Amino acid sequence: MKNQEENNPTNPNTVNPQSPMPGNDPDLQRSSLNSLKQMGQNNLASSVENDIHTLTIVGQIEGHIVLPPKNKTTKYEHIIPQLIAVEENPKIKGLLILLNTVGGDIEAGLAISEMISSMSKPTVSIVLGGGHSIGVPIAVSTTHSLIVPTASMTIHPIRLTGDIIGVPQTFEYLDKMQDRVISFVTQHAKITEEHFRELMFKTGTLVRDVGSVLIGKEAVDNYLIDEVAGLNPALKRLRYLIDEGAAD
Amino acid sequence: MINYSIFQSEFIFKDWDDFNPSYKVVEMQNGLKLEVEQVNEESVRIVRIISTNPGDYLRDDITPGSIVKSRLQL
């Protein structure tokens, strides 16, 4: 037996192949309540028009393997089509990326970074909390990058998961994979390859690893990030880039 | 897989052996496909949008992670 709510074809939160898609119901109040109950967040008024799209990249960057549910993840199969949608949507003039990630799948992270860097629309990233490991190429992939004073970025060598064969080719493979990250970062930030490698292989900073931790201003001083600032300067910069692009 | 993270793999893949998600693809009337996971008898969580229309990925009513009611028994 189906209950009354399930049988209601206008229920905005009913997924049913025989009925219209959820969201077509004009009962916004009910939709908002459902969103609050299920997602812990309220809907913004739909009448608010904004030409800036905000993308949050948090937790682990999830790639080819679905991670166990205790991990908070950002899935690349969600992000990549969204980037295409942003690029294609004429109503969206710029992209703001909020970054608070501990890293993740190297392929997924580089894929997202390449997509962002090849967009025609202005993009601005803010590193909040942390932009570690594979978060570094994502942070520098935008037209302009910012970091808040308390955020940190960890730069360290990559690691392999699973069985490792003790042959020189294993090291060469690892080195090649590492070079992909290094070349992307050095092509999209002002930091030189030599200096980035120096930070990556630095000893004596991390307790259980090799590498460096850059906090706020240090990321700017090391030519990785463009500016130490927060939300308002990020939006101002994005608005400036949008206006500059429109003027061209 | 190469995991480039400050977290150790042992931490990320903890409980991996007990993790057996059950996903199913449902097709909507307009042809849009959603990959969903059963949450309970009457609700599913949208896991992934399967669409060639980029606009579908900006729709807030089918944002991945949303829990929606379903008449389907997966």
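**Exercise 1: the overall make-up of chain A**

How many helices and strands are there in chain A?

*Solution.* Start with the ground rules: this is a predicted model, where local features need pLDDT of at least 70 and side-chain atom pairs count only at pLDDT 80 or more, while totals for chains, interfaces and linings use all residues. Residues are numbered from 1 along each chain as its sequence is written, chains are lettered from A and ligands numbered from 1 in the order in which they are written, and side-chain values use heavy atoms, with hydrogens and water left out.

Now count: chain A has nine helices and nine strands. Here helices (H or I, at least four residues) and strands (E, at least two) are DSSP runs, numbered from the N terminus.

Next, burial. Of the 248 residues in chain A, 48% are buried, where buried means under 20% relative accessible area, exposed over 50% and partly exposed in between (1.4 Å probe, protein chains only).

Last, contacts (heavy atoms within 4.5 Å). Take those in chain A between residues at least 6 apart in sequence: 64% of them join residues at least 24 apart.

**Exercise 2: a residue that reaches across chains**

Find what the side chain of N71(A) reaches in chain B.

*Solution.* First locate N71(A): look in the loop between β2 (52-62) and β3 (73-75) of chain A. Then check its cover: N71(A) counts as buried because its relative accessibility is 13%. Finally, follow the side chain of N71(A), which gets to the backbone oxygen of I12(B) at 2.9 Å. Skipping neighbours within four places in sequence, the contacts of N71(A) are Q60(A) and I12(B).

**Exercise 3: the cores**

Which residues touch the most other members of the largest nonpolar core?

*Solution.* A nonpolar core is a set of buried Ala, Val, Leu, Ile, Met, Phe, Trp, Tyr and Cys residues joined through side-chain atoms within 4.5 Å. The largest one holds 55 residues, and I57(A), M153(A), F196(A), L224(A) and I225(A) touch the most other members. Zoom in on L224(A): beyond four places in sequence, its contacts include V136(A), M153(A), V185(A), F196(A) and L214(A). There's also a second, separate core of eleven residues, with V26(B), M28(B), L32(B) and I46(B) among them.

**Exercise 4: strands in chain B**

Trace how β3(B) pairs with β2(B) and with β4(B).

*Solution.* Two strands pair if DSSP finds at least two bridges between them. Begin with β2 (residues 23-27) and β3 (residues 33-38) of chain B: they run antiparallel, joined by five bridges. V26(B) has L34(B) as its bridge partner in β3(B). The two strands make a hairpin with five residues between them, and G31(B) in the turn has a positive phi of about 95°.

Then move on to β4 (residues 43-50) of chain B, which pairs with β3(B) in the antiparallel sense over six bridges. Opposite V44(B) in β4(B) you'll find Q38(B). Four residues form the link in the hairpin from β3(B) to β4(B).

**Exercise 5: phi angles to check**

*Solution.* S133(A) isn't a glycine, yet its phi is positive, about 50°. S133(A) sits in the loop between β5 (123-131) and α5 (135-140) of chain A, and it is buried with a relative accessible area of 0%. Y223(A), also not a glycine, has a positive phi of about 60°; look for Y223(A) in the loop between α8 (217-221) and β9 (227-228) of chain A.

Notes. A polar contact is a pair of N or O atoms within 3.5 Å; within protein, one must be able to donate a hydrogen and the other to accept it, and residues adjacent in sequence count only if both atoms are side-chain atoms.
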